[in-house]
Amino acid sequence: MMTGLKKYYREPLLHFLTMGVFLYALAELFVDDSSTRDNYAIDINQASMVRFLQFQNKAFNAELALAKWQSMSPAEKQDLANDYIREEVMYREALNLGLEVDDQIIRRRLIQKIEFINTGFSSDVAKIDEDELQDYFKKHISDYEIDASITFSHVFFDKDNKLGAHQQLAGKALSELNQKNVPFENAAQYGQRFYFHRNYVDRTHNFVASHFGEAFSEQVSSLKQANIWYGPITSKYGSHLVMVKKNQPARLPDLVEVAPQVLQDLQRIKQGELKTKALGSMVEKYKINNTLQQPETSNTGEQHASIR
């Protein structure tokens with residue numbers, strides 16, 4: 001019988017099982033399982049709700065989020081807490097299953113979160129005073145040039161009209177319009193219905209060209225503002241008699257005319273600079289062990305990360 005027992009003592013599987021039982025017993029005795037229990041505890045308090053509000057709204061301003069939380073009704077607070085619990089439970093269960101490992105979608109979302117955080121911080125820091133706005137506008141004023149525009153009404157004669165040649169009809173109407181001093185607003189009583197509009201107010205050269213053709217737009221743009229009818233001017237549709245009420249050349253604006261756009265552009269530039277700086281600070285904490293082949297003129301081995 002002893003010979004049979006000695007045989008089992010030499011069995012590797014028995015050694016493995018014995019060691020496993022021994023290690024499990026040690027773990028039960030000495031390893032604190034409070035961390036495991038904590039994984040199943042969800043704290044609902046003002047701080048967690050304020051933080052959750054910021055991520056929900058993608059606006060990382062703690063003061064605004066706190067004010068929003070304090071203004072909410074008890075029912076709204078409970079709904080928000082329920083949303084937080086639902087998301088937190090699903091998040092932790094996903095981590096328990098290891099779903100975040102080697103997942104490019106999760107990687108992309110985490111990167112986006114950092115970008116949202118940096119954007120939120122930079123929007124608070126990127127304050128712009130009036131002098132800075134004026135200075136930026138002076139340096140980039142050509143970017144805000146106001147396009148030339150024209151205001152006119154026209155009387156249209158269709159080239160496909162069965163009554164006869166559209167140019168002759170337009171020439172006859174031109175004499176009548178000027179003899180009777182027909183005003184801008186009474187143009188609808190003459191000619192035929194046009195495919196687009198009869199009156200064009202503060203329209204650019206490109207807009208007019210899109211309706212009438214390039215040649216027509218160039219001719220009309222050269223006309224002076226006056227209470228007379230010009231024409232006939234030919235378009236791809238027929239002949240037109242035109243009265244110009246306003247003809248504004250392209251010009252550089254005053255800051256007050258474009259201030260909202262200038263402010264938006266400058267804020268975007270400053271926020272971009274701050275985001276780049278914040279990212280650079282994060283990257284500087286890392287060392288890059290570059291094992292790729294290096295150019296002969298550069299040193300191989302360990303490098304500090306940098307970003308530009």
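Let's start with Val220, which touches Ile150, Phe152, Ile233, Val242 and Asn247, leaving out residues up to four places away in sequence. Keep in mind that this is a predicted model.

Val220 belongs to the largest nonpolar core, a group of 14 residues. Along with Phe152, Phe212, Phe216 and Val242, Val220 touches the most other members of that core. Four elements each supply at least two of the core residues: strand 1 (149-158), helix 10 (205-212), helix 11 (214-221) and strand 4 (238-248). Strand 1 gives the most, with 3 residues.

## A second core

There is also a separate core to look at, made of 13 residues. Among them are Ala170, Ala173, Val182 and Ala187.

Val89 sits in helix 6, which covers residues 74-96. Val89 counts as partly exposed because its relative accessibility is 38%, and partly exposed means between the 20% limit for buried and the 50% limit for exposed.

## Asp265 in helix 12

Finally, have a look at Asp265, a residue of helix 12 (residues 255-283). Its relative accessibility is 12%, so Asp265 counts as buried; the cut-off for buried is under 20%.

The side chain of Asp265 has a polar contact, at 3.1 Å, with the side chain of Arg268. Setting aside neighbours within four places in sequence, Asp265 is also in contact with Tyr136 and Tyr144.

Methods
Residues are numbered from 1 along each chain as its sequence is written. This is a predicted model: local features need pLDDT of at least 70, side-chain atom pairs count only at pLDDT 80 or more; totals for chains, interfaces and linings use all residues. Side-chain values use heavy atoms; hydrogens and water are left out. A nonpolar core is a set of buried Ala, Val, Leu, Ile, Met, Phe, Trp, Tyr and Cys residues joined through side-chain atoms within 4.5 Å. Buried means under 20% relative accessible area, exposed over 50%, partly exposed in between (1.4 Å probe, protein chains only). Contact means heavy atoms within 4.5 Å. A polar contact is a pair of N or O atoms within 3.5 Å; within protein, one must be able to donate a hydrogen and the other to accept it, and residues adjacent in sequence count only if both atoms are side-chain atoms.
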